[in-house]
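User: I am new to reading protein models and would like to learn, step by step, how the features of one are read. Could you take me through an example slowly?

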Amino acid sequence: MPDDPSSSSGLPAGPLKGPRVRTIPPGEDRERLTCPDCGYIAYQNPLIVVGSVATWEDRILLCRRAIEPRKGYWTLPAGFMEERESTMEGAAREAWEEARAKIAIDSLLAVYDIPRISQVQMIFRARLLSPDVSAGPESQEVGLFRWEEIPWDDLAFPTVQWALREHRSRLGRQDFAPAVNPTPDVLAQWERML
């Protein structure tokens with residue numbers, strides 16, 4: 001057995017290098033992971049999630065998650081944006097990956113801030129180019145649901161419910177600003193509507 005524990009882990013032997021010290025760099029207002037040797041700062045920024053409320057006539061596309069978190073629960077086709085793609089390209093890619101759905105994006109429906117998990121979610125309003133959808137590798141199943149058929153108790157995340165409600169409140173409208181996180185008053189009003 002080797003005497004150097006780092007050699008059995010696949011890491012190079014010797015002192016650690018790179019960003020490894022948490023400190024407030026000059027000109028900053030919060031701690032960052034920095035390299036004490038060269039001064040490199042490893043910025044960790046929020047992740048952007050892109051997705052869509054995609055419809056075919058009066059039905060909405062939902063996907064039952066095949067992966068954690070919230071495996072087995074229903075969600076909108078959405079996921080992390082990739083490098084070198086636009087937000088709309090990302091939303092269209094996610095619809096294809098999760099539901100084999102081809103969509104045409106109409107407009108930005110909502111921007112949700114989720115600071116507790118360092119996410120910004122951008123949800124678009126879109127229409128399916130065909131009702132032919134099927135589960136992709138991250139979905140157990142997919143379906144097209146009329147409003148009254150939506151499995152409200154089995155939705156994966158609060159933002160799914162928010163986006164569905166915002167979509168419904170804007171049906172037939174083209175002149176709206178994107179929604180943001182609902183206030184407690186709006187959430188209470190939505191609860192009374194169920």
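Analyst: Let us begin with a term that will be needed throughout: a residue is called buried under 20% relative accessible area, exposed over 50%, and partly exposed in between. Please also keep in mind that this is a predicted model. As a case, Arg100 has a relative accessibility of 29%, and therefore counts as partly exposed.

User: Where is Arg100 found, and what is its phi?

Analyst: Arg100 is found in the loop between helix α2, residues 87-99, and strand β8. Most residues other than glycine have a negative phi. Phi of Arg100, however, is near 50°, which is a positive value in a residue other than glycine.

User: Which value does phi of Glu57 take, and is Glu57 buried or exposed?

Analyst: Glu57 also has a positive phi, near 55°, although it is not a glycine. Glu57 is found in the loop between β4, residues 47-56, and β5, and because its relative accessibility is 65%, it counts as exposed.

User: What can be said of the peptide bond from Glu68 to Pro69, cis or trans?

Analyst: The general idea is that most peptide bonds are trans. The bond from Glu68 to Pro69 is cis, with omega near 0°, and Pro69 has its place in the loop between β5, which covers residues 59-65, and β6.

User: How many helices and strands does the protein chain have, and in which pattern do they follow along the sequence?

Analyst: The protein chain has 4 helices and 10 strands. Read along the sequence, the pattern is α-β-β-β-β-β-β-β-α-β-β-β-α-α.

User: How does the radius of gyration of the protein chain stand against that of a compact globule?

Analyst: For 194 residues, a compact globule would have a radius of gyration near 16 Å, whereas the protein chain has 21 Å. Taken along the principal axes, the box filled by its C-alpha atoms is roughly 65 × 40 × 30 Å. Of the 194 residues, 37% count as buried.

User: Is Thr75 buried or exposed, and which residues is it in contact with?

Analyst: Thr75 lies in strand β6, residues 74-75, and it counts as buried because its relative accessibility is 6%, which is under 20%. Leaving aside neighbours within four places in sequence, Thr75 is in contact with Leu62, Cys63, Arg65, Ala156, Phe157 and Val160.

User: Where does Gln161 lie, and what does it touch?

Analyst: Gln161 lies in helix α3, residues 158-169, and its relative accessible area of 16% is the reason that it is called buried. Not counting residues up to four places away in sequence, Gln161 touches Trp152, Leu155 and Glu191.

User: What are the accessibility and the contacts of Asp113?

Analyst: Asp113, in strand β8, residues 103-114, is partly exposed, with a relative accessible area of 45%. Leaving aside neighbours within four places in sequence, Asp113 is in contact with Gln119, Val120 and Asn181. Asp113 and Pro46 are 67 residues apart in sequence, while their C-alpha atoms are 9.7 Å apart in space.

User: Which residues does UniProt list for a domain?

Analyst: An unreviewed UniProt entry lists residues 43-168 as "domain: Nudix hydrolase". In the model, the span of residues 43-168 is 19% helix and 40% strand, and its end C-alpha atoms lie 38 Å apart.

Methods:
Residues numbered from 1 in each chain as written. Predicted model: local features only at pLDDT ≥ 70, side-chain atom pairs only at ≥ 80, totals over all residues. Heavy atoms only, no water. Helix = DSSP H or I, 4+ residues; strand = E, 2+ residues; numbered from the N terminus. Rg over C-alpha atoms; globule rule 2.2 N^0.38 Å. Buried < 20%, exposed > 50% of the residue type's maximum accessible area, 1.4 Å probe, protein only. UniProt positions renumbered as here; feature names shortened; annotations may be inferred. Contact = heavy atoms within 4.5 Å.
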